[in-house]
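Thanks for asking me to look this one over. Here are my notes, point by point, for you to read with the model open.

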Amino acid sequence: MGISRDSRHKRRGTGGRMPIHKKKRKYEMARQPSQTKLGAKSVKLVRGRGGNMKYRALRLDIGNFCWPSENIAKKAKIVDVVYNASNNELVRTKTIVKNCIVQIDSAPFRTWFIKRYNKKLGKAAKEEAPQAEAPKAEAPKEEKVQKKSRHLLKEIAKRNSFLDPNLEEQFNSGRLFACISSRPGQVGRADGYVLEGKELEFYMKKMEKKKKAQTNTPFTSPLHDYYN
């Protein structure tokens, strides 16, 4: 039967062996892990016990991500897998699993923020300041701007547009850190939420620590000890 999820073959906590009183059962059967990679969407249907279907994602590159503090969700492209608490190998192979940290495209959230608060984010906000001071050159072609009523502008001004400094820095780079909260191998989706606040600080420290460890450790050949 291959992979099994039973515990009869395991020893007791004290080290003693368990008496095996029955054979393997079909309902204890397990399957190979999906090892969902980053790439063009590819989902396979798997029939489970009782005729229930599982959606085994083999490759995914898009997911629905929510921004908790703003209470919105947007469809965004997954750009990279950057951290996994359980295994660094899963980062190297760009494997998407539940609770791994990924980088997503910030464009959908940026456009929503501009529309909601009438305030530019990232590089666009920085570029706007010097343009105002500079002398007028050839007038560029004007883009169609949607006019807002005075009442709407007053309502927008009332809204609290405070943004976490770490999150604002990420908007400059065009990528946001997000955590996967769905199970790609079971539901065939890579949905999650944007990291912010204390959680974002925690993962940024972890990633910084990992970077330093990689740069400080010199490479030694496995044959080094053999010849020396």
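This is a predicted model: local features need pLDDT of at least 70, side-chain atom pairs count only at pLDDT 80 or more; totals for chains, interfaces and linings use all residues.

1. A definition to begin with: two strands pair if DSSP finds at least two bridges between them. With that in hand, strand 2 (residues 42-47) and strand 3 run antiparallel and are joined by six bridges.

2. Overall, the protein has eight helices and eight strands. It has 228 residues, and 31% of them count as buried. The accessible surface of the protein is about 17,000 Å², with 51% of that belonging to carbon and sulfur atoms. Among contacts with a separation of 6 or more, 58% are between residues 24 or more positions apart.

3. Back to strand 3, which covers residues 53-60. Besides its antiparallel pairing with strand 2, strand 3 runs parallel to strand 1 (residues 37-38), and two bridges join them. On that side, Lys37 has Arg59 as its bridge partner. The hairpin of strand 2 and strand 3 has five residues between the strands, and there Gly50 takes a positive phi near 80°.

4. Which side chain of opposite charge is nearest to Glu70, and how far away is it? The answer is Arg116, at 5.2 Å. A salt bridge would need a side-chain nitrogen within 4 Å of a carboxyl oxygen, so Glu70 is buried yet has no salt bridge. Its side chain does make a polar contact, at 2.7 Å, with the side chain of Tyr117. Leaving aside neighbours within four places in sequence, Glu70 is in contact with Tyr117, Trp112 and Phe113.

5. Finally, Ser182, which sits in the loop between strand 7 (175-180) and helix 6 (184-187). Is Ser182 buried or exposed? Its relative accessible area is 13%, and the cut-off for buried is under 20%, so Ser182 counts as buried. Setting aside neighbours within four places in sequence, the contacts of Ser182 include Lys98, Val187 and Ala190.

Notes:
Residues are numbered from 1 along each chain as its sequence is written. Side-chain values use heavy atoms; hydrogens and water are left out. Helices (H or I, at least four residues) and strands (E, at least two) are DSSP runs, numbered from the N terminus. Buried means under 20% relative accessible area, exposed over 50%, partly exposed in between (1.4 Å probe, protein chains only). Contact means heavy atoms within 4.5 Å. Accessible areas come from the Shrake-Rupley method with a 1.4 Å probe; for residues, only the protein chains shown count as cover. Lys and Arg count as positive and Asp and Glu as negative; His and the chain ends are not counted. A polar contact is a pair of N or O atoms within 3.5 Å; within protein, one must be able to donate a hydrogen and the other to accept it, and residues adjacent in sequence count only if both atoms are side-chain atoms.
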